[in-house]
Amino acid sequence: MVRSLLICGLLAGVCGGLLAAGFGEVVGEPPLEQAISFEEAQSESGHEHGAAAAGGHHEEAPEVSRDVQRFVGLPLAAMVYGLSIGGLFALAFAFGYGRVGDASPAKTVLWMAALGFVVFYLVPFLKYPANPPATGDPDTVGERTLLFLTMLVTSLLAAVAAARVRATLVRRGDKGLGRLPAAMTAAGAATAVAIGVYLAIVVIAGVALPTVDEIPAGFPANELWKFRTASIGTQAVLWTTMGLVMSVLAPRVLAGKPILQR
């Protein structure tokens, strides 16, 4: 069954990756082009000063054209990324279904997709938001990547800790939660405590980790905002598509039916 769920996850990941790539092309490409134009303007200004001092100017052709990057590289990268995330998502569902709640397979998938988007992307993004490639310092890319991964791992570990806290509180019932308001169930109270645990961990990590701000002076704030919202939207499309596809396929697998209707 795990093998079949993994296949479902890979299919969902491919679908999500391709739709996310299409969204990124339509919504994310204009601000990216603006960022590239800004970089080229800055480079030309620097080259002009250098040429005036050295008496010459030499332009280097890009190794990979923008058309190849947009129409070949982006879809391939999105498919590979979608496959990776989809496989991990399927394994997480196979492990978590029935252990963290009694919702139906479809509802569990949708909840896990929403949580995956928040934990795996949105929270790390809020600390280290995406910037257009042309705006960062190439000398600090390794440091910035490490900081983002640190926040990502912290978010994942915080989610695991919160899930364990919730499971423990639900198992203990009212004994572990004390007197509850009349309108709140033990499961609801346990979920609220778990959310509080997760938020406390990621907020502390967000405050403790250093802030990175390398946006060059003069870069259009409106284009930066568009790029970042496009980045969020691309990930939202990926996770939403994966959730919807898995919510259809996973119940079929659990019911012993073929993944695709013949």
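This is a predicted model: local features need pLDDT of at least 70, side-chain atom pairs count only at pLDDT 80 or more; totals for chains, interfaces and linings use all residues.

Visitor: What makes up the order of elements from the N terminus on?

Guide: The order runs α-α-α-α-α-α-α, and the chain has 7 helices and 0 strands, where helices (H or I, at least four residues) and strands (E, at least two) are DSSP runs numbered from the N terminus.

Visitor: Why is Thr108 called buried?

Guide: Buried means under 20% relative accessible area, exposed means over 50%, and partly exposed lies in between (1.4 Å probe, protein chains only); the relative accessibility of Thr108 is 9%, so Thr108 counts as buried. Thr108 belongs to helix H3 (residues 105–127), and, setting aside residues up to four places away in sequence, Thr108 touches Phe93, Tyr97 and Ala103, a contact being heavy atoms within 4.5 Å.

Visitor: What makes Val197 partly exposed?

Guide: Val197 has a relative accessible area of 25%, and is therefore partly exposed. This residue, Val197, sits in helix H6 (residues 186–208) and, leaving aside neighbours within four places in sequence, is in contact with Ala162 and Val165. The C-alpha atoms of Val197 and Ala162 are 5.8 Å apart, although 35 residues separate the two along the chain.

Visitor: How do you know that Glu223 forms a salt bridge with Lys226?

Guide: A salt bridge needs a side-chain nitrogen of Lys or Arg within 4 Å of a carboxyl oxygen of Asp or Glu, and the closest N and O atoms of Glu223 and Lys226 are 3.8 Å apart, so the pair qualifies. By this rule the count comes to 1 salt bridge. Both residues, Glu223 and Lys226, lie in helix H7 (residues 221–254), 3 residues apart, about one turn of the helix. Glu223 counts as buried because its relative accessibility is 15%, whereas Lys226, with a relative accessible area of 37%, is partly exposed.

Visitor: How many disulfides are counted by the distance rule?

Guide: The count comes to 0 disulfides, a disulfide being a pair of cysteine sulfur atoms within 2.5 Å. Cys8 is buried because its relative accessible area is 0%, while Cys15, at 36%, is partly exposed.

Visitor: Which residues of the largest nonpolar core touch the most other members?

Guide: Of the 22 residues in this core, Phe89, Phe93, Trp239 and Met246 touch the most other members. A nonpolar core is a set of buried Ala, Val, Leu, Ile, Met, Phe, Trp, Tyr and Cys residues joined through side-chain atoms within 4.5 Å. Two or more residues come from each of helix H1 (2–54), helix H2 (66–96), H3 and H7, and H7 gives the most, with 7 residues. Apart from this core lies another, of 12 residues, among them Val123, Leu147, Ala158 and Ala205.

Technical notes. Residues are numbered from 1 along each chain as its sequence is written. Side-chain values use heavy atoms; hydrogens and water are left out.
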